[in-house]
Amino acid sequence: MIIRRDVYQAIADPTRREIIERISQQPLNLNAVAETFDISRQAVSRHIKILMECELVVIRQKGRERYCEAKLEKLHEVADWVDQYKKHWLSRFKALDNYLTEIQTNTKTDENK
């Protein structure tokens, strides 16, 4: 069975979000990343593997060390997806505001009669 991963799966896990946060400031070697978590190095490696499959992290070999670097361009997919729903809800709230304003105006008009 082939498991297809995407950026949404990558950011669904809080540990993976934290890894992205930490390496977005500067590339870190695998041990430096693992040392900042209270989970095993093997578990951190599994999270990094998923992030690589989701194209949010690349590993670069520098001498004997392997460094994790964030590739944040894929997060634009999430931003674009959220933005379309943000626009949808903003238009719905604007319609609700207009409706409430209309009701208030009609109520004041009726009270003045």
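Residues are numbered from 1 along each chain as its sequence is written, and side-chain values use heavy atoms, with hydrogens and water left out. As the model is predicted, local features need pLDDT of at least 70 and side-chain atom pairs count only at pLDDT 80 or more, whereas totals for chains, interfaces and linings use all residues.

We may begin with the strands. Helices (H or I, at least four residues) and strands (E, at least two) are DSSP runs, numbered from the N terminus, and two strands pair if DSSP finds at least two bridges between them. Strand β2 (residues 57-62) pairs with β3 in the antiparallel sense over 6 bridges, with Val57 standing opposite Ala70. The hairpin of β2 and β3 has 2 residues between the strands, and Gly63 takes a positive phi near 65° there. Strand β3 (residues 65-70) is also joined by 2 bridges to strand β1 (residues 28-29), again antiparallel; here Asn29 stands opposite Tyr67.

Salt bridges come next: a side-chain nitrogen of Lys or Arg lies within 4 Å of a carboxyl oxygen of Asp or Glu. The count comes to 7. For accessibility, buried means under 20% relative accessible area, exposed over 50%, and partly exposed in between (1.4 Å probe, protein chains only). Glu69 bridges to Arg60, with the closest N and O atoms 3.0 Å apart; Glu69 counts as buried at 17%, while Arg60 is partly exposed at 41%. In helix α4 (residues 41-53), Lys49 and Glu53 are 4 residues apart, so about one helical turn separates them, and their closest N and O atoms are 3.8 Å apart. Arg5 is linked with Lys49 and Glu53 in a network of salt bridges. Lys74 forms a salt bridge with Glu55 at 3.7 Å between the closest N and O atoms. This pair links distant parts of the chain, 19 residues apart: Lys74 is in the loop between β3 and α5, and Glu55 in the loop between α4 and β2.

Finally, the surface. Patches are made of residues with over 30% relative accessible area and no salt bridge, like charges being joined within 9 Å and nonpolar side chains (Val, Leu, Ile, Met, Phe, Trp, Tyr) within 5 Å. A nonpolar patch of about 990 Å² includes Tyr8, Trp81, Trp89 and Ile103. Helix α5 (residues 75-111) gives the most to this patch, with 9 residues. Ile103, in helix α5, is partly exposed at 34% relative accessible area.

Definitions and conventions:
Areas by Shrake-Rupley, 256 points an atom, 1.4 Å probe, with all protein chains shown as cover.
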